[in-house]
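Open your viewer and get ready to click through a few side chains. We will go from stop to stop, selecting residues as we walk.

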Amino acid sequence: KPAGGVVDLRDWDGIRNGQWRSSLGATYTSGQTHLQNTVTPFTAADIGKVVIVNNAHPGVDEFTRWMATIVDVSGGVAELDTPAPSSATNERVYWGFDITDALNAALLELASGLHVPREAYLPGTYRATQVVIPSLVTLRGSGWGVYSASGAGDWVPGQASLLKQLPGSECDFVVFNELT
């Protein structure tokens, strides 16, 4: 165990509610800003979250990504800030907050004034644009997770760590920064 101890990053406000969810069931229409998830309906708590839809039609734009932000929710249907580029039913959808600023602020706070190593623990599924890891800080996750037995493909909460870069980010994802 590092001399500075292990810190659970889920204790920071901007990270606590930033975990991403995933399910099948996304239905959307080309040119429309409505996104319905028949498996896991959206709620008011999802307003402000980023949504990523992966089209998985074999032979036709298999890995096209559509990304938008939820601006409102009514009756389980999300209203997005960007219209759908195509139409589909029962697609995989991912949604959650961009934790870039909160994560980098938490890591910098852990490193500030330290002369001993600290370990930052981040279990769960998150997305960010860029992660800056200061010297004397180690970022650790909880290992590989498992999918639920529900058949919906949801991650079992607390079972895995997954930190991914948001699509469209044009910067290095992980940067190590030597503090002076």
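A polar contact is a pair of N or O atoms within 3.5 Å; within protein, one must be able to donate a hydrogen and the other to accept it, and residues adjacent in sequence count only if both atoms are side-chain atoms. This is a predicted model, where local features need pLDDT of at least 70 and side-chain atom pairs count only at pLDDT 80 or more, while totals for chains, interfaces and linings use all residues. Residues are numbered from 1 along each chain as its sequence is written, and side-chain values use heavy atoms, leaving out hydrogens and water.

**Stop one.** Select Ser169, in the loop between strand E12 (161–165) and strand E13 (174–177); strands (E) are DSSP runs of at least two residues, numbered from the N terminus. A polar atom of the Ser169 side chain lies 2.8 Å from the backbone oxygen of Leu166.

**Stop two.** Next, select Tyr28 and Trp66. Rings of Phe, Tyr and Trp (its six-membered ring) pair if their centres lie within 6.5 Å; planes under 30 degrees apart count as stacked, over 60 as edge-to-face and the rest as tilted. The count comes to 2 aromatic pairs. The ring centres of Tyr28 and Trp66 are 5.0 Å apart with planes at 50°, so this pair is tilted. Tyr28 is in strand E2 and Trp66 in strand E5, 38 residues apart.

**Stop three.** Now select Phe42 and Trp95, an edge-to-face pair with 5.3 Å between centres and 70° between planes. They are 53 residues apart.

Technical notes: Helices (H or I, at least four residues) and strands (E, at least two) are DSSP runs, numbered from the N terminus.
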